[in-house]
Amino acid sequence: MTYAETLAYLYEQLPMFQRVGAAGFKKGLGNTLVLAEAQGHPEQKFRSVHVAGTNGKGSSSHLLAAVLQAAGYKVGLYTSPHLREFTERIRVNGRELSPEYLVQWVAKWRHLFEQVQPSFFEMCVALAFSYFAEQLVDVAVVEVGLGGRFDSTNIITPLVSLITNISFDHQALLGNTLVEIAGEKAGIIKSGVPVVVSQFQPEVAEVFRREAAAKLAHLVFADEIYGAQFSAEADPETGLRPLALRQHGRPYLPNAELGLPGDYQQLNLTGVLATLDELRAQGFRITEAAVRAGLRQVTKLTGLRGRWSVIGRRPLVVCDTGHNAAGLRMVMSQLARVPHKLLHLVIGTVNDKDVPAMLALLPNEGVFYFCAAAIPRALPAAELAELGRQAGLKGQAYESVTAAVAAARTAAGPDDAVFIGGSTFVVAEVAELYADA
(Lines give C-alpha, C1' and ligand atoms only; values in the text may rest on other atoms or scores of the structure.)
Protein backbone atom coordinates (compact mmCIF):
# COMPACT_ATOMS: atom_id res chain seq x y z
CA MET A 1 0.00 0.00 0.00
CA THR A 2 0.97 3.62 -0.47
CA TYR A 3 1.12 5.99 2.49
CA ALA A 4 -2.36 7.34 1.67
CA GLU A 5 -3.74 3.82 1.32
CA THR A 6 -2.12 2.80 4.61
CA LEU A 7 -3.76 5.71 6.43
CA ALA A 8 -7.11 4.94 4.82
CA TYR A 9 -6.80 1.33 5.97
CA LEU A 10 -6.01 2.35 9.53
CA TYR A 11 -8.83 4.90 9.72
CA GLU A 12 -11.38 2.53 8.19
CA GLN A 13 -10.44 -0.70 9.91
CA LEU A 14 -9.48 0.41 13.43
CA PRO A 15 -11.99 2.26 15.64
CA MET A 16 -10.60 5.70 16.44
CA PHE A 17 -11.80 7.53 19.56
CA GLN A 18 -11.06 10.98 18.18
CA ARG A 19 -13.34 10.33 15.20
CA VAL A 20 -16.15 8.19 16.61
CA GLY A 21 -16.03 8.69 20.38
CA ALA A 22 -16.51 5.99 23.02
CA ALA A 23 -16.81 3.20 20.43
CA GLY A 24 -13.11 3.75 19.68
CA PHE A 25 -11.97 3.33 23.28
CA LYS A 26 -11.09 -0.21 24.39
CA LYS A 27 -10.78 -0.44 28.16
CA GLY A 28 -7.87 -2.58 29.27
CA LEU A 29 -4.28 -3.32 28.31
CA GLY A 30 -4.77 -6.79 26.84
CA ASN A 31 -4.58 -5.89 23.14
CA THR A 32 -1.60 -3.60 23.66
CA LEU A 33 0.28 -6.32 25.51
CA VAL A 34 -0.45 -8.83 22.73
CA LEU A 35 0.95 -6.40 20.14
CA ALA A 36 3.97 -5.66 22.33
CA GLU A 37 4.74 -9.33 22.90
CA ALA A 38 4.58 -10.05 19.17
CA GLN A 39 7.15 -7.30 18.61
CA GLY A 40 9.48 -8.47 21.35
CA HIS A 41 8.37 -5.91 23.94
CA PRO A 42 9.95 -2.75 22.49
CA GLU A 43 8.59 -0.72 25.45
CA GLN A 44 11.25 -2.39 27.60
CA LYS A 45 14.08 -1.22 25.34
CA PHE A 46 14.08 2.52 26.06
CA ARG A 47 13.78 4.80 29.09
CA SER A 48 10.67 6.93 29.38
CA VAL A 49 8.69 9.64 31.14
CA HIS A 50 4.92 9.12 31.37
CA VAL A 51 2.60 12.15 31.34
CA ALA A 52 -1.10 12.11 32.27
CA GLY A 53 -3.67 14.73 33.27
CA THR A 54 -6.83 16.43 32.05
CA ASN A 55 -5.29 19.67 30.80
CA GLY A 56 -1.67 20.45 30.05
CA LYS A 57 -0.30 16.99 29.40
CA GLY A 58 0.46 17.73 25.75
CA SER A 59 2.22 21.02 26.43
CA SER A 60 4.11 19.48 29.36
CA SER A 61 5.23 16.57 27.19
CA HIS A 62 6.54 18.93 24.50
CA LEU A 63 8.30 21.11 27.09
CA LEU A 64 10.03 18.10 28.66
CA ALA A 65 11.09 16.82 25.25
CA ALA A 66 12.42 20.24 24.25
CA VAL A 67 14.55 20.60 27.38
CA LEU A 68 15.92 17.07 27.06
CA GLN A 69 16.77 17.73 23.41
CA ALA A 70 18.49 20.97 24.39
CA ALA A 71 20.47 18.96 26.95
CA GLY A 72 21.82 16.80 24.14
CA TYR A 73 19.66 13.69 24.44
CA LYS A 74 18.00 11.78 21.61
CA VAL A 75 14.36 12.13 22.59
CA GLY A 76 11.26 10.28 21.45
CA LEU A 77 7.93 12.08 21.83
CA TYR A 78 4.53 10.41 21.60
CA THR A 79 1.42 12.62 21.74
CA SER A 80 -2.16 12.53 20.52
CA PRO A 81 -4.27 13.44 18.69
CA HIS A 82 -2.47 14.83 15.67
CA LEU A 83 -3.56 18.10 14.11
CA ARG A 84 -2.87 17.87 10.39
CA GLU A 85 -0.80 14.76 9.75
CA PHE A 86 -0.74 11.35 11.43
CA THR A 87 3.06 11.37 11.63
CA GLU A 88 2.94 14.29 14.12
CA ARG A 89 2.07 11.79 16.85
CA ILE A 90 5.51 10.20 16.85
CA ARG A 91 8.72 12.24 16.77
CA VAL A 92 12.39 11.78 17.48
CA ASN A 93 14.22 15.03 18.25
CA GLY A 94 11.31 16.88 16.70
CA ARG A 95 11.38 14.97 13.40
CA GLU A 96 8.11 13.27 12.60
CA LEU A 97 7.79 9.55 11.94
CA SER A 98 8.64 8.86 8.31
CA PRO A 99 5.69 7.82 6.12
CA GLU A 100 7.85 5.01 4.73
CA TYR A 101 8.29 3.52 8.20
CA LEU A 102 4.56 3.59 8.78
CA VAL A 103 3.84 1.82 5.47
CA GLN A 104 6.41 -0.90 6.11
CA TRP A 105 5.38 -1.40 9.73
CA VAL A 106 1.68 -1.72 8.94
CA ALA A 107 2.41 -4.16 6.11
CA LYS A 108 4.48 -6.28 8.49
CA TRP A 109 1.87 -6.43 11.25
CA ARG A 110 -1.41 -6.18 9.33
CA HIS A 111 -2.13 -9.88 9.80
CA LEU A 112 -1.80 -9.42 13.56
CA PHE A 113 -4.26 -6.49 13.55
CA GLU A 114 -6.80 -8.69 11.81
CA GLN A 115 -6.42 -11.31 14.53
CA VAL A 116 -6.30 -8.98 17.55
CA GLN A 117 -8.60 -6.22 16.22
CA PRO A 118 -6.97 -3.43 18.23
CA SER A 119 -8.30 0.10 18.45
CA PHE A 120 -6.60 2.80 16.42
CA PHE A 121 -4.93 4.10 19.57
CA GLU A 122 -3.64 0.66 20.58
CA MET A 123 -2.05 0.36 17.14
CA CYS A 124 -0.52 3.85 17.46
CA VAL A 125 1.09 3.01 20.79
CA ALA A 126 2.57 -0.24 19.44
CA LEU A 127 3.92 1.67 16.44
CA ALA A 128 5.46 4.42 18.59
CA PHE A 129 7.18 2.01 20.95
CA SER A 130 8.55 -0.03 18.05
CA TYR A 131 9.90 3.12 16.42
CA PHE A 132 11.52 4.47 19.59
CA ALA A 133 13.22 1.13 20.23
CA GLU A 134 14.56 0.94 16.67
CA GLN A 135 15.72 4.56 16.80
CA LEU A 136 17.66 3.86 20.02
CA VAL A 137 16.31 6.95 21.76
CA ASP A 138 17.94 7.95 25.04
CA VAL A 139 14.53 8.66 26.54
CA ALA A 140 10.94 8.93 25.31
CA VAL A 141 8.29 11.29 26.64
CA VAL A 142 4.98 9.43 26.38
CA GLU A 143 1.66 11.26 26.72
CA VAL A 144 -1.36 9.31 27.94
CA GLY A 145 -4.20 9.31 25.44
CA LEU A 146 -7.22 9.11 27.74
CA GLY A 147 -7.36 8.49 31.48
CA GLY A 148 -4.35 6.53 32.61
CA ARG A 149 -5.07 3.23 34.32
CA PHE A 150 -6.40 1.52 31.19
CA ASP A 151 -4.69 3.70 28.61
CA SER A 152 -2.63 1.76 26.07
CA THR A 153 0.53 3.67 26.98
CA ASN A 154 0.36 2.27 30.52
CA ILE A 155 2.44 -0.80 29.68
CA ILE A 156 5.64 1.22 30.20
CA THR A 157 7.58 1.46 33.45
CA PRO A 158 8.91 5.01 33.28
CA LEU A 159 11.70 6.76 35.16
CA VAL A 160 9.16 9.26 36.47
CA SER A 161 5.41 9.82 36.08
CA LEU A 162 3.93 13.31 35.72
CA ILE A 163 0.25 14.13 36.34
CA THR A 164 -0.59 17.66 35.28
CA ASN A 165 -4.10 18.66 36.32
CA ILE A 166 -7.46 17.12 37.19
CA SER A 167 -10.67 18.62 35.85
CA PHE A 168 -13.83 17.45 34.14
CA ASP A 169 -13.55 15.81 30.71
CA HIS A 170 -14.62 12.45 29.26
CA GLN A 171 -16.83 11.78 32.28
CA ALA A 172 -18.67 8.96 30.51
CA LEU A 173 -15.42 7.00 30.43
CA LEU A 174 -13.51 8.27 33.46
CA GLY A 175 -16.14 9.07 36.10
CA ASN A 176 -18.42 11.89 37.13
CA THR A 177 -16.41 13.26 40.06
CA LEU A 178 -12.91 14.70 40.28
CA VAL A 179 -11.98 11.94 42.72
CA GLU A 180 -13.01 9.26 40.22
CA ILE A 181 -11.16 11.00 37.39
CA ALA A 182 -8.05 11.42 39.57
CA GLY A 183 -8.20 7.70 40.37
CA GLU A 184 -7.97 6.89 36.67
CA LYS A 185 -5.05 9.29 36.16
CA ALA A 186 -3.30 7.91 39.26
CA GLY A 187 -3.34 4.53 37.55
CA ILE A 188 -0.06 5.43 35.83
CA ILE A 189 1.77 5.44 39.17
CA LYS A 190 4.16 2.46 39.22
CA SER A 191 5.84 0.60 42.02
CA GLY A 192 8.90 2.49 43.22
CA VAL A 193 8.71 5.08 40.42
CA PRO A 194 8.64 8.73 41.55
CA VAL A 195 5.52 10.67 40.64
CA VAL A 196 5.18 14.43 40.19
CA VAL A 197 1.79 16.13 40.41
CA SER A 198 1.86 19.62 38.88
CA GLN A 199 -0.83 21.19 41.06
CA PHE A 200 -1.91 20.55 44.62
CA GLN A 201 -5.69 20.30 44.33
CA PRO A 202 -7.18 19.70 47.80
CA GLU A 203 -10.15 17.73 46.47
CA VAL A 204 -7.96 15.05 44.84
CA ALA A 205 -4.60 15.22 46.66
CA GLU A 206 -5.47 12.27 48.89
CA VAL A 207 -6.07 10.08 45.82
CA PHE A 208 -2.45 10.59 44.78
CA ARG A 209 -1.10 10.23 48.30
CA ARG A 210 -2.92 6.93 48.77
CA GLU A 211 -1.87 5.47 45.40
CA ALA A 212 1.76 6.58 45.80
CA ALA A 213 1.94 5.11 49.31
CA ALA A 214 0.50 1.81 48.10
CA LYS A 215 3.14 1.67 45.35
CA LEU A 216 6.01 2.94 47.55
CA ALA A 217 6.42 5.74 45.01
CA HIS A 218 8.01 9.04 46.03
CA LEU A 219 5.35 11.76 45.53
CA VAL A 220 6.04 15.43 44.80
CA PHE A 221 3.46 18.20 44.52
CA ALA A 222 5.42 20.43 42.18
CA ASP A 223 3.81 23.75 43.10
CA GLU A 224 5.07 23.28 46.66
CA ILE A 225 8.60 23.58 45.22
CA TYR A 226 8.23 25.75 42.14
CA GLY A 227 6.22 28.83 41.25
CA ALA A 228 5.76 30.18 37.74
CA GLN A 229 4.21 33.46 36.64
CA PHE A 230 4.41 35.41 33.43
CA SER A 231 5.91 38.82 34.19
CA ALA A 232 4.61 40.47 31.01
CA GLU A 233 2.62 39.81 27.86
CA ALA A 234 4.30 38.09 24.92
CA ASP A 235 6.66 40.06 22.71
CA PRO A 236 4.60 40.83 19.57
CA GLU A 237 7.52 40.11 17.28
CA THR A 238 9.06 36.97 18.81
CA GLY A 239 6.01 35.50 20.57
CA LEU A 240 8.20 34.87 23.62
CA ARG A 241 6.73 35.58 27.04
CA PRO A 242 8.96 36.62 30.00
CA LEU A 243 8.81 34.35 33.06
CA ALA A 244 9.25 34.92 36.76
CA LEU A 245 10.17 31.52 38.19
CA ARG A 246 10.70 30.61 41.83
CA GLN A 247 12.27 27.60 43.51
CA HIS A 248 11.49 27.22 47.23
CA GLY A 249 10.38 30.84 47.20
CA ARG A 250 13.63 32.18 45.72
CA PRO A 251 14.14 33.53 42.19
CA TYR A 252 15.05 30.80 39.71
CA LEU A 253 16.35 31.15 36.13
CA PRO A 254 16.05 34.96 36.05
CA ASN A 255 14.96 36.45 32.73
CA ALA A 256 13.75 33.10 31.38
CA GLU A 257 11.32 33.20 28.46
CA LEU A 258 8.69 30.74 27.24
CA GLY A 259 7.80 30.09 23.62
CA LEU A 260 4.22 29.14 24.60
CA PRO A 261 2.39 32.35 25.59
CA GLY A 262 -0.87 30.88 26.90
CA ASP A 263 -1.67 31.84 30.51
CA TYR A 264 -2.30 28.19 31.40
CA GLN A 265 1.34 27.31 30.77
CA GLN A 266 2.11 28.76 34.22
CA LEU A 267 0.33 25.74 35.69
CA ASN A 268 2.31 23.31 33.54
CA LEU A 269 5.75 24.72 34.24
CA THR A 270 5.86 23.67 37.89
CA GLY A 271 5.39 20.02 36.95
CA VAL A 272 7.91 20.22 34.13
CA LEU A 273 10.60 21.72 36.36
CA ALA A 274 10.00 19.19 39.16
CA THR A 275 10.09 16.31 36.68
CA LEU A 276 13.44 17.53 35.37
CA ASP A 277 14.71 17.45 38.97
CA GLU A 278 13.64 13.81 39.26
CA LEU A 279 15.51 13.00 36.06
CA ARG A 280 18.63 14.78 37.33
CA ALA A 281 18.45 12.64 40.47
CA GLN A 282 18.62 9.60 38.18
CA GLY A 283 21.74 10.78 36.38
CA PHE A 284 20.49 13.01 33.58
CA ARG A 285 22.68 16.03 32.91
CA ILE A 286 20.26 18.92 32.42
CA THR A 287 21.90 22.30 32.84
CA GLU A 288 20.12 25.60 33.46
CA ALA A 289 21.18 26.62 29.96
CA ALA A 290 19.36 23.59 28.56
CA VAL A 291 16.23 24.44 30.54
CA ARG A 292 16.30 28.02 29.25
CA ALA A 293 16.82 26.89 25.66
CA GLY A 294 14.10 24.24 25.83
CA LEU A 295 11.52 26.61 27.27
CA ARG A 296 12.36 29.32 24.78
CA GLN A 297 12.59 27.15 21.65
CA VAL A 298 9.91 24.54 22.40
CA THR A 299 7.89 25.09 19.23
CA LYS A 300 11.00 24.97 17.03
CA LEU A 301 12.42 21.90 18.77
CA THR A 302 9.24 19.82 18.93
CA GLY A 303 6.83 21.30 16.38
CA LEU A 304 4.07 22.03 18.90
CA ARG A 305 1.17 24.06 17.48
CA GLY A 306 -2.27 25.18 18.54
CA ARG A 307 -1.49 26.45 22.05
CA TRP A 308 -2.37 30.15 21.92
CA SER A 309 -0.88 30.25 18.43
CA VAL A 310 -0.95 33.71 16.85
CA ILE A 311 -1.45 33.27 13.10
CA GLY A 312 -2.37 36.82 12.11
CA ARG A 313 -2.09 40.47 13.15
CA ARG A 314 -4.33 43.43 12.30
CA PRO A 315 -6.63 41.79 13.02
CA LEU A 316 -5.05 39.60 15.67
CA VAL A 317 -5.95 35.95 14.96
CA VAL A 318 -5.38 33.35 17.69
CA CYS A 319 -5.93 29.56 17.66
CA ASP A 320 -6.14 27.43 20.80
CA THR A 321 -7.08 23.79 21.29
CA GLY A 322 -8.54 24.24 24.82
CA HIS A 323 -11.82 22.32 24.74
CA ASN A 324 -13.08 21.51 28.24
CA ALA A 325 -14.46 23.85 30.89
CA ALA A 326 -11.23 24.33 32.85
CA GLY A 327 -9.07 24.87 29.78
CA LEU A 328 -11.54 27.08 27.97
CA ARG A 329 -12.10 29.25 31.04
CA MET A 330 -8.40 30.15 31.15
CA VAL A 331 -8.26 30.80 27.42
CA MET A 332 -11.28 33.12 27.58
CA SER A 333 -9.73 34.98 30.51
CA GLN A 334 -6.61 35.64 28.46
CA LEU A 335 -8.67 36.57 25.40
CA ALA A 336 -10.53 39.19 27.45
CA ARG A 337 -7.20 41.03 27.99
CA VAL A 338 -6.47 41.25 24.28
CA PRO A 339 -7.14 44.81 23.05
CA HIS A 340 -9.89 44.79 20.43
CA LYS A 341 -12.84 46.73 19.12
CA LEU A 342 -14.92 43.68 18.23
CA LEU A 343 -14.33 40.03 18.99
CA HIS A 344 -15.02 37.35 16.37
CA LEU A 345 -15.13 33.72 17.55
CA VAL A 346 -14.94 30.69 15.24
CA ILE A 347 -16.25 27.86 17.41
CA GLY A 348 -16.90 24.15 16.90
CA THR A 349 -17.09 21.15 19.22
CA VAL A 350 -17.78 17.42 19.36
CA ASN A 351 -21.04 15.73 20.19
CA ASP A 352 -20.03 14.12 23.50
CA LYS A 353 -19.17 17.35 25.33
CA ASP A 354 -21.36 19.33 27.73
CA VAL A 355 -21.97 21.95 25.07
CA PRO A 356 -24.27 24.29 27.07
CA ALA A 357 -21.64 24.46 29.83
CA MET A 358 -18.96 25.25 27.25
CA LEU A 359 -21.06 27.95 25.59
CA ALA A 360 -21.71 29.55 28.98
CA LEU A 361 -17.98 30.32 29.20
CA LEU A 362 -17.91 32.28 25.93
CA PRO A 363 -18.29 36.09 25.83
CA ASN A 364 -21.80 37.03 24.72
CA GLU A 365 -20.62 40.35 23.29
CA GLY A 366 -18.73 38.56 20.49
CA VAL A 367 -19.83 37.66 16.97
CA PHE A 368 -19.87 33.89 16.48
CA TYR A 369 -19.11 31.74 13.46
CA PHE A 370 -20.32 28.25 14.33
CA CYS A 371 -18.80 25.34 12.41
CA ALA A 372 -18.08 21.61 12.50
CA ALA A 373 -14.77 19.86 11.89
CA ALA A 374 -14.73 17.18 9.20
CA ILE A 375 -15.02 14.20 11.55
CA PRO A 376 -18.06 11.99 12.35
CA ARG A 377 -17.92 12.99 16.02
CA ALA A 378 -18.35 16.71 15.31
CA LEU A 379 -21.53 18.41 16.49
CA PRO A 380 -23.32 19.74 13.38
CA ALA A 381 -22.85 23.49 12.97
CA ALA A 382 -26.61 24.16 12.79
CA GLU A 383 -27.17 22.38 16.12
CA LEU A 384 -24.31 24.29 17.72
CA ALA A 385 -25.66 27.58 16.37
CA GLU A 386 -29.10 26.84 17.85
CA LEU A 387 -27.56 26.02 21.24
CA GLY A 388 -25.56 29.22 20.92
CA ARG A 389 -28.72 31.21 20.23
CA GLN A 390 -30.32 29.73 23.33
CA ALA A 391 -27.24 30.82 25.31
CA GLY A 392 -27.56 34.39 24.00
CA LEU A 393 -24.66 34.17 21.53
CA LYS A 394 -25.07 36.02 18.23
CA GLY A 395 -23.87 34.36 15.06
CA GLN A 396 -24.58 31.88 12.32
CA ALA A 397 -23.57 28.42 11.10
CA TYR A 398 -21.05 27.72 8.34
CA GLU A 399 -20.63 24.56 6.29
CA SER A 400 -16.95 24.12 7.20
CA VAL A 401 -14.17 25.38 9.43
CA THR A 402 -12.50 26.95 6.40
CA ALA A 403 -15.67 28.88 5.49
CA ALA A 404 -16.15 30.07 9.07
CA VAL A 405 -12.54 31.26 9.37
CA ALA A 406 -12.75 33.05 6.00
CA ALA A 407 -15.97 34.78 7.02
CA ALA A 408 -14.51 35.91 10.34
CA ARG A 409 -11.35 37.24 8.78
CA THR A 410 -13.31 39.07 6.09
CA ALA A 411 -15.62 40.68 8.64
CA ALA A 412 -12.91 41.65 11.11
CA GLY A 413 -11.45 45.14 11.02
CA PRO A 414 -7.74 45.75 11.70
CA ASP A 415 -8.38 46.58 15.37
CA ASP A 416 -10.64 43.57 15.97
CA ALA A 417 -9.58 40.13 17.24
CA VAL A 418 -10.43 36.68 15.88
CA PHE A 419 -10.37 33.56 18.05
CA ILE A 420 -10.53 30.03 16.60
CA GLY A 421 -11.15 27.07 18.92
CA GLY A 422 -13.59 25.02 20.96
CA SER A 423 -12.09 21.78 19.69
CA THR A 424 -8.70 20.37 18.73
CA PHE A 425 -10.27 19.29 15.44
CA VAL A 426 -11.40 22.81 14.55
CA VAL A 427 -7.89 24.16 15.08
CA ALA A 428 -6.48 21.27 13.04
CA GLU A 429 -8.25 22.55 9.93
CA VAL A 430 -6.75 26.05 10.04
CA ALA A 431 -4.28 26.09 7.16
CA GLU A 432 -2.36 29.16 8.38
CA LEU A 433 -1.26 27.25 11.46
CA TYR A 434 1.16 25.30 9.26
CA ALA A 435 2.55 28.22 7.27
CA ASP A 436 6.05 27.66 8.64
CA ALA A 437 5.98 23.86 8.24
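Guide: Five bridges join β15 to β18, and the two strands run parallel. Strands count as paired if DSSP finds at least two bridges between them. This is a predicted model, in which local features need pLDDT of at least 70, side-chain atom pairs count only at pLDDT 80 or more, and totals for chains, interfaces and linings use all residues. Residues are numbered from 1 along each chain as its sequence is written, and side-chain values use heavy atoms, with hydrogens and water left out.

Visitor: Which residue of β18 is the bridge partner of L343?

Guide: L343 has A417 as its bridge partner. Strands (E, at least two residues) and helices (H or I, at least four) are DSSP runs, numbered from the N terminus.

Visitor: In which sense do β14 and β18 pair?

Guide: β14 (residues 316-319) pairs with β18 in the parallel sense, over four bridges.

Visitor: How many residues of β18 are buried?

Guide: Five of its five residues are buried. Buried means under 20% relative accessible area, exposed over 50%, and partly exposed in between (1.4 Å probe, protein chains only).

Visitor: Which residues of β18 point one way, and which the other?

Guide: A417, F419 and G421 point one way, while V418 and I420 point the other way. In a regular strand the side chains alternate between the two faces of the sheet.

Visitor: What do the buried residues of α16 pack against?

Guide: They pack against β15 (343-347), β16 (367-370), β18 (417-421) and α17 (424-427), where contact means heavy atoms within 4.5 Å. The buried residues in α16 (residues 401-411) are V401, A403, A404, V405 and A408.

Visitor: Changing topic, how many salt bridges does the count come to?

Guide: The count comes to 15 salt bridges. A salt bridge is a side-chain nitrogen of Lys or Arg within 4 Å of a carboxyl oxygen of Asp or Glu.

Visitor: Where do R149 and E184 lie?

Guide: The side chains of R149 and E184 form a salt bridge, at 4.0 Å from N to O. R149 lies in the loop between β5 (139-143) and β6 (160-163) and E184 in helix α8 (residues 178-185), so the pair ties together parts that are 35 residues apart in sequence.

Visitor: Is E184 buried or exposed?

Guide: E184 counts as buried, at 15% relative accessibility, whereas R149 is partly exposed at 29%.

Visitor: What does E114 form with R110?

Guide: E114 forms a salt bridge with R110, the closest N and O atoms being 3.3 Å apart. Both residues lie in helix α5 (residues 99-116), four residues apart, about one turn of the helix.
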